[in-house]
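Here is a structure to examine in short questions and answers. Each answer sets a value against its definition.

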Amino acid sequence: MTQYVDWKFAKSTGARLVPPGPDVSEDEAAEAVAEIRELAAAAVAPVAATSRLTAPGDAPAPLVVDRPTWIEVNADSMAALLQPALERVASRRGKEPSAAAQAIGSKVTAVEAGGMLAFLSTKVLGQYDIAPDGTPALLLVAPNIVATERELGVTPRDFRLWVCLHEETHRVQFTAVPWLREHLIGQARDLAGELAPDMESLRSRLEQVTAQLPKVLSGEGQGLPDLVITPEQREQMARVTAVMSLLEGHADVVMDDVGPEHVPSVATIRERFTRRRKGAGAADRMLRRLLGLEAKMRQYRDGADFVRGVQEQVGVDGFNAVWTSPETLPTPLEITDPTTWVRRVHG
């Protein structure tokens with residue numbers, strides 16, 4: 001099959017482009033990694049008690065990683081996630097390109113993917129990697145956690161535990177709810193397959209880019225995906241976005257509910273971190289918009305409002321009905337109107 005992305009080259013490109021982490025000594029780095037690993041374990045019990053969800057005993061333990069490792073893991077996951085879509089593109093083609101054209105093309109796309117991963121690897125504090133064809137695991141990116149706590153001027157141990165509480169909630173979501181990982185993988189693969197253009201639609205997609213780019217750069221829409229999707233695909237993306245908003249908002253609510261008892265400076269951390277999420281300079285804000293990170297910020301807000309709104313009406317146990325099946329997940333309308341979800345699910 002045609003190789004559209006040379007993922008090995010994408011990894012090496014990302015590793016070359018990624019900037020170094022914060023200036024720390026070897027001893028400081030080792031101490032930070034050890035403490036983050038310790039706090040990840042400490043986050044398990046309070047998250048389980050607050051969320052009333054428990055990860056099974058065989059769930060993989062969190063991994064503390066550096067930026068190049070994050071790039072490598074995510075390149076593998078992207079490759080597995082996009083493979084069905086790339087196969088669909090290949091099946092639509094007529095004549096296969098020459099070997100030379102394939103080699104050049106796969107390197108070009110690899111540079112683009114590697115550059116994107118290098119940028120993102122400096123922003124992510126933690127992530128539950130769903131690993132479509134591998135072993136899922138919770139990743140905690142140590143240099144980014146240290147860099148962010150310094151930038152915010154907050155107590156390192158408090159901030160590290162606060163981050164671990166958020167990410168442990170994601171680990172619980174995907175391990176205590178057996179169907180969720182495969183459901184999300186399926187939804188993402190379906191969407192990627194729909195978004196892959198054939199030659200007939202490529203011209204219209206380019207026209208969409210020209211028409212939609214000013215809106216995206218102004219901060220509206222979902223970022224790059226908004227440039228090339230049809231109304232039907234936008235509806236499908238909205239369904240995936242609603243689920244992601246639920247997951248991120250739930251993790252934010254749990255981390256803040258646990259916080260006052262276990263993180264003394266949680267109010268200061270939340271206030272300063274919320275300001276940081278808005279981005280720094282103009283170039284950073286533009287990259288965030290193009291990559292859809294501005295939309296991701298809205299996911300945290302909308303999802304947290306949904307979780308709070310549902311819990312106010314039916315409590316934590318009533319909210320946890322959301323994990324019953326794919327049919328009980330919130331729709332794009334319900335994620336911004338929790339009463340509608342409560343009425344549909346609880347009657």
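Q: Why is helix α6 (residues 142-152) called largely enclosed by the rest of the structure?
A: Eight of its eleven residues are buried, so α6 counts as largely enclosed. Buried means under 20% relative accessible area, exposed means over 50%, and partly exposed lies in between (1.4 Å probe, protein chains only). Helices are DSSP runs of H or I with at least four residues, strands are runs of E with at least two, and both are numbered from the N terminus.

Q: What is the basis of these values?
A: This is a predicted model, where local features need pLDDT of at least 70, side-chain atom pairs count only at pLDDT 80 or more, and totals for chains, interfaces and linings use all residues. Residues are numbered from 1 along each chain as its sequence is written, and side-chain values use heavy atoms, with hydrogens and water left out.

Q: Which residues of α6 are buried?
A: They are Ala 142, Pro 143, Asn 144, Ile 145, Val 146, Thr 148, Glu 149 and Leu 152. After α6 comes Gly 153, with a positive phi near 70 degrees.

Q: Why are α2 and α7 called oblique to each other?
A: The axes of helix α2 (residues 26-42) and helix α7 (residues 156-176) cross at roughly 50 degrees. Angles under 35 degrees count as roughly parallel, over 145 as roughly antiparallel, 65 to 115 as roughly perpendicular, and the rest as oblique. The two helices are therefore oblique. Their axes come within 9 Å. Axes are lines fitted to C-alpha atoms, for helices over the stretch in contact, and angles run from 0 to 180 degrees between N-to-C directions.

Q: What is the handedness of the crossing of α2 and α7?
A: The crossing is right-handed. That label applies if the near helix is turned clockwise from the far one by less than a right angle, and left-handed applies if anticlockwise.

Q: What makes up the contact of α2 with α7?
A: Ala 32, Glu 35, Ile 36, Glu 38, Leu 39 and Ala 40 of α2 meet Arg 157, Arg 160, Leu 161 and Cys 164 of α7. Contact means heavy atoms within 4.5 Å. By class there are six nonpolar, no polar and four charged residues. Ala, Val, Leu, Ile, Met, Phe, Trp, Tyr, Cys and Pro count as nonpolar, Asp, Glu, Lys and Arg as charged, and the others, Gly among them, as polar.

Q: How do α3 and α7 cross, and which residues meet?
A: The axes of helix α3 (residues 44-51) and α7 come within 9 Å and cross at roughly 65 degrees. This crossing is right-handed. Val 44, Pro 46, Val 47 and Ser 51 of α3 touch Leu 165, Glu 168, Thr 169, Arg 171 and Val 172 of α7. The classes are five nonpolar, two polar and two charged.

Q: How do you know whether Glu 168 is buried or exposed?
A: Its relative accessibility is 1%, so Glu 168 counts as buried. Glu 168 is in helix α7. Leaving aside neighbours within four places in sequence, Glu 168 contacts Ala 43, Val 44, Val 47 and Leu 138.

Q: Why is the pair of Phe 159 and Trp 162 called tilted?
A: The structure holds six aromatic pairs. In this one the ring centres are 6.1 Å apart and the planes lie at 35 degrees, so the pair is tilted. Rings of Phe, Tyr and Trp (its six-membered ring) pair if their centres lie within 6.5 Å; planes under 30 degrees apart count as stacked, over 60 as edge-to-face and the rest as tilted. Phe 159 and Trp 162 are both buried. Together with Phe 273 they form one aromatic cluster.

Q: What makes the pair of Phe 306 and Trp 341 edge-to-face?
A: The planes stand at 80 degrees and the centres are 5.8 Å apart, so the pair is edge-to-face. Phe 306 is in helix α13 (residues 293-319) and Trp 341 in helix α14 (residues 338-346), 35 residues apart. Phe 306 is buried, at 0% relative accessible area. Trp 341 is also buried, at 0%.

Q: Why is Thr 135 called exposed?
A: Its relative accessible area is 63%, so Thr 135 counts as exposed. Thr 135 lies in the loop between β2 (126-129) and β3 (137-141).
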